[in-house]
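Subject: Handover of a structure and the findings on it

Dear colleague,

Please find below the structure that I am passing on to you. I would be grateful if you would look it over before reading the notes that come after it.

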Amino acid sequence: MIDQARAGAGGEADAVAARAVALLAERDPEEIVGYAHHQRRVIAASYRVDLWGAAYLINGGASDDGFEYFRGWLMTQGRAVFARAVGEPDSLAELPGVRAAALSGEEFECERMLSVPWEAYRKATAAELPAERDPVPVPDLNDFWDFDDEEEARRRLPRLAALFVEPPAE
């Protein structure tokens with residue numbers, strides 16, 4: 001559905017989120033609930049230290065909320081980009097927008113993407129999305145590293161560090 005929402009959104013994250021709301025709202029309420037559960041699992045699975053480090057490098061910092069919103073933006077990039085970034089955060093260095101951000105300072109966040117199922121359910125039913133009964137476990141982040149440590153960034157995320165630790169000359 002996200003790939004479908006991306007078509008015609010011009011790559012703008014908030015536009016993808018708005019289209020996703022519209023597309024999801026056309027579905028049966030049970031499907032919207034299923035999407036909400038799937039999105040929660042995807043967000044939990046992406047709660048990884050090295051992906052947080054990538055968000056920190058790319059956005060020039062990433063608080064708890066900032067990391068959530070970064071993963072919302074990452075969802076707007078489509079399934080393939082999202083899955084690859086979760087498994088290999090340094091792969092984000094291949095995205096043209098990320099490469100351009102090394103020079104422009106653009107930050108990547110999309111808070112609205114995180115609320116897509118709630119907005120869609122409200123639009124489809126005029127009611128609130130039912131609360132989840134089974135919480136999705138969030139991984140433990142005991143492997144934190146100092147995201148400001150340039151040597152550690154170069155070791156863990158060499159391609160992103162090449163862009164953001166010492167940005168290329170304009």
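The notes below describe what was found. Please bear in mind throughout that this is a predicted model.

Annotated region

The UniProt record, an unreviewed entry, carries the annotation "domain: DUF4240" for residues 1–122. Over residues 1–122 the chain is 72% helix and 0% strand.

Nonpolar core

The largest nonpolar core has 54 residues. Those touching the most other members are Phe 70, Trp 73, Leu 92, Met 113, Leu 160 and Phe 164. Helix H2, residues 13–25, gives the most to this core, with 8 residues. As for Phe 70, and not counting residues up to four places away in sequence, this side chain's residue touches Leu 51, Ala 55, Ile 58, Asn 59, Leu 92, Phe 108 and Glu 109.

Two loop residues

Gly 78 is placed in the loop between helix H5 (64–76) and helix H6. Is Gly 78 buried or exposed? Its relative accessible area is 3%, so Gly 78 is buried, the cut-off being under 20%. Leaving aside neighbours within four places in sequence, Gly 78 is in contact with Ile 2, Asp 3 and Arg 6. Gly 78 and Val 16 are 62 residues apart in sequence, while their C-alpha atoms are 9.8 Å apart in space.

Asp 90 is found in the loop between helix H6 (79–87) and helix H7 (96–104). Asp 90 counts as buried because its relative accessibility is 7%, again under the 20% limit. With neighbours within four places in sequence left aside, Asp 90 is in contact with Leu 157, Pro 158, Arg 159 and Leu 160.

Largest pocket

What is the volume of the largest pocket? The computed value is about 360 Å³. The pocket is lined by 14 residues, and Ile 2, His 38, Val 42, Arg 79 and Phe 82 lie nearest its centre. Helix H1 (2–6), helix H3 (29–45) and H6 each supply at least two residues of this lining. The largest share, 5 residues, comes from H3. By residue class, the lining divides into 9 nonpolar, 3 polar and 2 charged residues. Ile 2, named here near the pocket centre, is also one of the contacts of Gly 78.

With kind regards

How values were computed: Residues are numbered from 1 along each chain as its sequence is written. This is a predicted model: local features need pLDDT of at least 70, side-chain atom pairs count only at pLDDT 80 or more; totals for chains, interfaces and linings use all residues. Side-chain values use heavy atoms; hydrogens and water are left out. A nonpolar core is a set of buried Ala, Val, Leu, Ile, Met, Phe, Trp, Tyr and Cys residues joined through side-chain atoms within 4.5 Å. Buried means under 20% relative accessible area, exposed over 50%, partly exposed in between (1.4 Å probe, protein chains only). Helices (H or I, at least four residues) and strands (E, at least two) are DSSP runs, numbered from the N terminus. Contact means heavy atoms within 4.5 Å. On a 1 Å grid over the protein atoms alone, a cavity is a set of points where a 1.4 Å probe fits but cannot get out, and a pocket is an open set with protein on both sides within 12 Å along at least five of seven lines; lining residues have an atom within 4 Å of a point. Grid points are joined across faces, edges and corners, and a volume is the space filled by probe spheres set on the points. Ala, Val, Leu, Ile, Met, Phe, Trp, Tyr, Cys and Pro count as nonpolar, Asp, Glu, Lys and Arg as charged, and the others, Gly among them, as polar. UniProt positions are given in the numbering used here, feature names are shortened, and annotations may be inferred rather than shown by experiment.
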